[in-house]
Amino acid sequence: MNFDLNDEQAGIRQLAKDFCDRELAPNARELDRTEAFPDELVPKLFDVGFLGATIPTEYGGMGLDYLSYGLIVEETGRTDASIRSMISVNLGLVGSSLLNYGTEEQKQEWLPRLATEGLGAFGLTEPDHGSNPNGMKTFARRDGDDWVINGSKMWITNGSRGVLTVVYAQTDDGITAFLVPQDTPGYSGTPLHGKLGLRAGDTAELSLTDVRVPKANVLGEIGKGLRIALHSLDNGRFSLAAGCTGISQACLDASLEYALEREQFGKKIGGFQLVQELLSDIYLDLEASRALTWKVAWKHDKGERHTVESSVAKTFASEAAVRNANRAVQVHGGYGYSDEYPVGRYLRDARVTTLYEGTSQIQRLLLGRHLTGLNAFT
């Protein structure tokens, strides 16, 4: 699907493809094998502007429209989903939160850093509370002109190697969002290893022990943090859908290449009907994922709300990525079960996308509420 891209968007897509093929693809398998965070790649991502793609130019970013941003995320998802996750959280969750709810002073302080030098993290999920953020136990209490935060967070992307975490905590007035520099005393991020996928990404468990921040670090209104989180997740789900579209594209590329090289029974396996069925199904899911994702970008760039569309795109694209990775493994046969070929990594990286930023089951409840007007959460 290219018919909606203008010259600038097409140029961004080509820039992203070239960068990812040159800088990310050669390292992806080894980083996955070793679970190594790509320290040497992060400065390159800042230099090319990807980590500041949607941040306005006055704050040091590229100031791109959302479709251009989605194209960057798709290309990074195609080559290394761990890198995609880093970008998605930095911009789709943290950057968007600051842009929509930050004071001018907060924007001036943090957006240039997120665009050019340090990663942001989104501290919402807890060990016992993921789909039900209202039940979070992290608590912030007032102490003079400061807030003191205690609690823990789990599965936090960029949580141990960033510069800033948006921490959500209960207060006497309800859930509130706080801007917490990661070098604040009492803040500790411990990287998690042994993950099924996204093995090169920084996923951390956070410990918050008497973390003291000034009242100027409250993001938005006191007690209105959940609204910020949900609005930010609309953008995060778009990023995730774009990344999953990239995984589906990678599955198609790898499967086509293999099917046109591998021979059995005296012919290329791409000539067998059932292999062509697998390839066609990958393509169908890919095209649908891209169309749903671009619809979200189109609405966002028009300034329209896209909560439902983001949920639809995230649900479909994440589940399609899992289906397509399974199909790609099947096309590769026994070789698909080893890391000699990348399709096994695609399957592992895709699997988590149906879980975070709202599981597929939660998305269906959100869509059910939209359709019926009835709330299944209560």
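Reader: How is the chain divided into domains?
Author: There is domain 1 at 7-119, domain 2 at 121-223 and domain 3 at 226-372. Keep in mind that the model is predicted.

Reader: What does UniProt list for these stretches?
Author: An unreviewed UniProt entry annotates residues 7-116 as "domain: Acyl-CoA dehydrogenase/oxidase N-terminal".

Reader: Helix or strand, over residues 7-116?
Author: Helix: residues 7-116 are 75% helix and 0% strand, with the end C-alpha atoms 25 Å apart.

Reader: And residues 121-211, helix or strand?
Author: Residues 121-211 are 0% helix and 55% strand, and their end C-alpha atoms lie 16 Å apart.

Reader: What about residues 223-371?
Author: Residues 223-371 are 74% helix and 3% strand. The end C-alpha atoms of that span are 29 Å apart.

Reader: Back to domain 1 and domain 2. What separates their centres?
Author: The centres, taken over C-alpha atoms, are 22 Å apart. The contact involves 26 residues of domain 1 and 25 residues of domain 2.

Reader: Which helices supply the domain 1 side?
Author: α1 (7-34), α4 (81-101) and α5 (104-116) each give at least two residues to the side that touches domain 2. The largest share, eleven residues, is from α4.

Reader: What kinds of residues are on that side?
Author: The side of domain 1 that touches domain 2 has 14 nonpolar, seven polar and five charged residues.

Reader: Salt bridges again. How many does the structure hold?
Author: The structure holds 29. One of them pairs the side chains of Arg199 and Glu35, at 3.3 Å from N to O.

Reader: Where do Arg199 and Glu35 sit in the chain?
Author: Arg199 is in the loop between β6 (187-191) and β7 (203-214), and Glu35 is in the loop between α1 and α2 (42-48). The two are 164 residues apart, so the pair links distant parts of the chain.

Reader: What does Arg199 do with Asp32?
Author: Their side chains meet in a salt bridge as well, at 3.7 Å from N to O.

Reader: Why would such side chains pair?
Author: Side chains of opposite charge can pair when their charged atoms come close.

Conventions:
Residues are numbered from 1 along each chain as its sequence is written. This is a predicted model: local features need pLDDT of at least 70, side-chain atom pairs count only at pLDDT 80 or more; totals for chains, interfaces and linings use all residues. Side-chain values use heavy atoms; hydrogens and water are left out. Domain bounds come from an automatic or database domain assignment. Contact means heavy atoms within 4.5 Å. A salt bridge is a side-chain nitrogen of Lys or Arg within 4 Å of a carboxyl oxygen of Asp or Glu. Helices (H or I, at least four residues) and strands (E, at least two) are DSSP runs, numbered from the N terminus. Ala, Val, Leu, Ile, Met, Phe, Trp, Tyr, Cys and Pro count as nonpolar, Asp, Glu, Lys and Arg as charged, and the others, Gly among them, as polar. UniProt positions are given in the numbering used here, feature names are shortened, and annotations may be inferred rather than shown by experiment.
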